[in-house]
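Please look at the chain first, then read on.

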Amino acid sequence: MSARHQGPTIGRRRLRAALRRAREAAALTQDYVAAQMDWSLSKLIRIESGSVSISTNDVKALLDLYGVRDQQQVQELVELARAARRRAWWSGYKDRVPAAYAAYIGLEAEASALRYFQPISFPGLLQTEEYARAVIPADGPHHVPAAEIEGRVQIRLARQHEVLFGADPPQIEVIIDEAALRRITGGPRVLREQLQHVAKMSAAPHVTVRVLPFTAGSNTVLGPFVILHFADQADADVVYVESALVEEVIDRADEVRPYQHVFDRLRAESLSPADSVAMLHDLARQLDGRDAG
């Protein structure tokens, strides 16, 4: 596995699962463990949910309390704790974005494959700077204050630099509803350049773009989602959902599975990659000469 896929997010994710399993194997309640460690219950809950990191000394103390004596297992979990506390390129952004989005950025940075469905806009990793600025919501439940929009744009560009153009990029498969291609976001010029950019990016060996055409019939999947896959089979797939009312990371297998089935269905209903790129070029040509205002 490459170094890119061994970052702090996956380390924390593995560690939280291992510590929870060890506590349950020891038949200890969270209340009991928190009291024995002289912690608040909320601290233990945050550790087991992966929302906070844990020191190597606390890992050793927990494992001792749980009766874990296998030194190899102890050392592996201590190493996971060290990995979870390392700073990644995105660490400086954690306090500037919602928690779910910050969690997604961390997972995205360590994923080996990303599968997007976008019914209303282009995926952030494939957006031009001007399109990104135009598409960030200025109102609604998840609106971004005007003073923060530029920061969000820079975060999106940083994600592209680190993930899409890095030395070991993930395999990216994108399904975009035709409606997103025709919505004049930011004006004709901005949309034309966005269409051309995605057509160009689709030539990269790790990027596949498909269009879900209007001819496929009614689309009942109204919200965008991303399925993240990881190189190590021990790390289960995760789904990130972002819509007007929901913004969350889903990692329960029974909740992730329906998204995988939906993505497979949407792929079967979409145009081929070659026909999709042809549509991108055709729509971009239709925008030539139109008023950019």
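## Helix H11

His261 and Ala268 are exposed (over 50% relative accessible area, with a 1.4 Å probe and protein chains only) and sit on the face of H11 turned away from its buried side. The model is predicted, so local features need pLDDT of at least 70 and side-chain atom pairs count only at pLDDT 80 or more, while totals for chains, interfaces and linings use all residues. Residues are numbered from 1 along each chain as its sequence is written, and side-chain values use heavy atoms, with hydrogens and water left out.

H11 covers residues 253-269; helices (H or I, at least four residues) and strands (E, at least two) are DSSP runs, numbered from the N terminus. With 17 residues, H11 reaches 25 Å from its first C-alpha to its last, close to the expected 24 Å (1.5 Å times one less than the number of residues). Val256, Phe263 and Leu266 of H11 are buried, meaning under 20% relative accessible area. These residues are on the same side of H11 because they cover an arc of only 80° around the axis, taken from the directions from the helix axis to the C-beta atoms. Among the elements covering the buried residues of H11 are strands S1 (113-118), S3 (207-212) and S5 (238-242).

## Nonpolar cores

A nonpolar core is a set of buried Ala, Val, Leu, Ile, Met, Phe, Trp, Tyr and Cys residues joined through side-chain atoms within 4.5 Å. The largest has 44 residues, of which Leu114, Phe122, Leu181, Leu195 and Leu228 touch the most other members. A second, separate core of 21 residues includes Leu19, Val33, Ile54 and Val78.

Beyond its neighbours within four places in sequence, Leu114 is in contact (heavy atoms within 4.5 Å) with residues including Leu125, Val163, Ile172 and Leu228.

## Aromatic pairs

Rings of Phe, Tyr and Trp (its six-membered ring) pair if their centres lie within 6.5 Å; planes under 30 degrees apart count as stacked, over 60 as edge-to-face and the rest as tilted. Four aromatic pairs are counted by this rule. Tyr104 and Tyr240 are stacked, because their ring centres are 4.4 Å apart and their planes are at 15°. This pair links distant parts of the chain, with Tyr104 in helix H6 (residues 99-110) and Tyr240 in strand S5, 136 residues apart. Both Tyr104 and Tyr240 are buried.

Phe122 and Tyr131 form an edge-to-face pair, 5.4 Å centre to centre with 85° between the planes. Phe122 and Tyr131 are buried.
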